[in-house]
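User: I have a model open and would like to learn how to read its features one at a time. Could you walk me through it?
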2 protein chains.
Amino acid sequence: MSTSVDRASAKGPKTERGERTRRKLLEAAEREFGANGFHATSIGEITRRAKVALGTFYVYFDSKDEIFRGLVDHMGRTTRSWLAERIGTATNRLEAERLGIELYIDFVRAHRDLYRIVMESQFVAPDAYRAYYETFVEGYRRNLDDAVRRGEISAGDADIRAWALMGMNTYLGLKYGIWDESRSSREIANEAAAMIVEGLRP
Amino acid sequence: MSTSVDRASAKGPKTERGERTRRKLLEAAEREFGANGFHATSIGEITRRAKVALGTFYVYFDSKDEIFRGLVDHMGRTTRSWLAERIGTATNRLEAERLGIELYIDFVRAHRDLYRIVMESQFVAPDAYRAYYETFVEGYRRNLDDAVRRGEISAGDADIRAWALMGMNTYLGLKYGIWDESRSSREIANEAAAMIVEGLRP
């Protein structure tokens with residue numbers, strides 16, 4: 001799914017080889033933007049890392065801004081499909097919430113550049129940043145509504161809950177995925193899920 | 001408190017007039033960085049807006065980077081004291097959580113520049129960004145521990161809870177404070193607090 005939608009929005013040849021080159025450029029951009037940020041990264045550094053000629057870059061992307069946006073979109077798809085594949089094993093929504101936190105922290109630990117790029121897009125490509133989160137919330141909201149209908153969770157405003165839960169996950173990812181890896185993702189997930197499943201009321 | 005600690009870290013004269021000039025520079029910087037971001041803002045634009053001579057800037061700050069950091073610190077103090085004064089009316093921790101969400105959304109709506117500056121500090125001054133959140137969490141953690149001791153909330157890991165709740169507040173602030181002001185902060189707070197107080201379990 002990721003590949004076909006990525007392709008639809010790309011310039012240049014739609015051959016298998018072309019797709020491979022485009023992916024090499026995206027991977028190099030992920031490393032460069034992730035390590036040095038948008039402003040300190042040049043197209044030349046991306047093509048050098050990707051081992052692709054500078055002219056070839058423009059077959060696929062119009063500018064540094066465009067590859068950055070392409071990357072945020074690509075990251076959103078990667079994160080969502082990575083999580084969806086693994087959360088599929090949860091037997092109900094309450095367990096899916098717990099497992100989602102655990103997996104998101106694992107994902108951030110393994111993709112630190114991604115976390116940085118998505119956060120920086122707030123300033124470099126605000127529309128891509130907003131689209132990233134709104135797409136996430138859209139899926140989250142649907143899952144919560146379905147779970148209410150199946151009687152797995154209490155009724156409540158799915159929009160507000162989705163934004164609240166996404167914020168919670170994002171900051172647990174920042175703290176325990178990037179800043180402090182001393183505790184297991186399972187321990188973090190168990191504690192955080194206990195709060196949102198059982199509530200703070202004694 | 002805010003003033004004395006701000007002063008301690010400042011260059012330049014500690015007179016009342018000097019303090020007024022420093023504050024004018026910080027206010028102008030808040031507007032400029034908030035509207036145009038760190039990279040597109042120059043010291044000249046800050047001093048023009050503050051109606052202060054360019055040379056005077058350097059009596060108070062060494063660089064654009066330094067005034068930006070000073071601003072993140074100043075913002076943290078302002079937010080915390082603004083919230084603390086108003087949350088004081090809550091009769092217990094569960095009500096304080098609800099009221100905290102409502103007030104934070106109100107605060108973000110009234111200080112959009114602040115939200116942007118703190119978020120951008122993640123890239124421009126990562127240590128200031130981290131300090132901003134860790135100071136917030138420190139206070140949050142203490143409040144949660146006290147509430148457990150008083151029997152107002154269930155027992156649980158205060159660190160994880162504080163990070164989870166702060167992330168929730170930050171993203172509710174982004175969504176309902178900045179992107180979509182169509183719903184009242186009270187309605188958002190009631191729904192989000194219901195989830196964390198009563199839990200998702202049916």
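User: Let's begin with charges. How many salt bridges does the rule find across the interface of chain A and chain B?

Analyst: Bear in mind that this is a predicted model. The rule looks for a side-chain nitrogen of Lys or Arg within 4 Å of a carboxyl oxygen of Asp or Glu. Across the interface of chain A and chain B it finds four salt bridges. In one of them, Asp157(A) meets Arg183(B), with 2.6 Å from N to O.

User: And how many residue pairs are in polar contact between chain A and chain B?

Analyst: The count is 18 residue pairs, with both residues at pLDDT 80 or more.

User: Now for size. How is the size of an interface often given?

Analyst: It is often given as the accessible area lost when the parts come together. Here, the area buried between chain A and chain B is about 4600 Å², and carbon and sulfur atoms give 67% of it. Three residues, Tyr171(A), Trp179(A) and Leu200(A), supply 18% of the area that chain A buries against chain B, more than any other three residues. As for residues in the contact, chain A brings 48 and chain B brings 48.

User: Can we zoom in on a single position? Where is Ala164(A) found, and is Ala164(A) buried or exposed?

Analyst: Ala164(A) is found in helix H9 of chain A. A residue counts as buried under 20% relative accessible area. Ala164(A) has 0% relative accessibility, so it is buried. Leaving aside residues up to four places away in sequence, Ala164(A) touches Met168(B), Leu172(B) and Met195(B). Within its own chain, the C-alpha atom of Ala164(A) is separated by 9.9 Å from that of Val137(A), which is 27 residues apart from it along the chain.

User: Next, aromatic rings. How many aromatic pairs does a search of the whole structure find?

Analyst: The search finds 26 aromatic pairs over all chains. To read one, look at the ring centres and the angle between the planes; over 60 degrees counts as edge-to-face. Phe33(A) and Phe68(A) have ring centres 5.0 Å apart and planes at 85°, so this pair is edge-to-face. Phe33(A) lies in helix H2 (residues 16-36) of chain A and Phe68(A) in helix H5 (residues 64-87) of chain A, so the pair ties together parts that are 35 residues apart in sequence. Phe33(A) counts as buried, at 0% relative accessibility. Phe68(A) is buried too, at 0%.

User: Last one, the backbone. What is the phi of Lys51(A), and where does Lys51(A) lie?

Analyst: Lys51(A) has a positive phi of about 55° although it is not a glycine. Lys51(A) lies in the loop between helix H3 (43-50) and helix H4 (54-60) of chain A. With a relative accessible area of 73%, Lys51(A) is exposed.

User: What about Lys51(B)?

Analyst: Phi of Lys51(B) is near 55°, again a positive value in a residue other than glycine. Lys51(B) has its place in the loop between helix H3 (43-50) and helix H4 (54-60) of chain B. Its relative accessible area is 72%, so Lys51(B) is exposed.

Definitions and conventions. Residues are numbered from 1 along each chain as its sequence is written. Chains are lettered from A and ligands numbered from 1 in the order in which they are written. This is a predicted model: local features need pLDDT of at least 70, side-chain atom pairs count only at pLDDT 80 or more; totals for chains, interfaces and linings use all residues. Side-chain values use heavy atoms; hydrogens and water are left out. Contact means heavy atoms within 4.5 Å. Buried area is the accessible area (1.4 Å probe) that two parts lose on being put together, summed over both. A polar contact is a pair of N or O atoms within 3.5 Å; within protein, one must be able to donate a hydrogen and the other to accept it, and residues adjacent in sequence count only if both atoms are side-chain atoms. Rings of Phe, Tyr and Trp (its six-membered ring) pair if their centres lie within 6.5 Å; planes under 30 degrees apart count as stacked, over 60 as edge-to-face and the rest as tilted. Helices (H or I, at least four residues) and strands (E, at least two) are DSSP runs, numbered from the N terminus. Buried means under 20% relative accessible area, exposed over 50%, partly exposed in between (1.4 Å probe, protein chains only).
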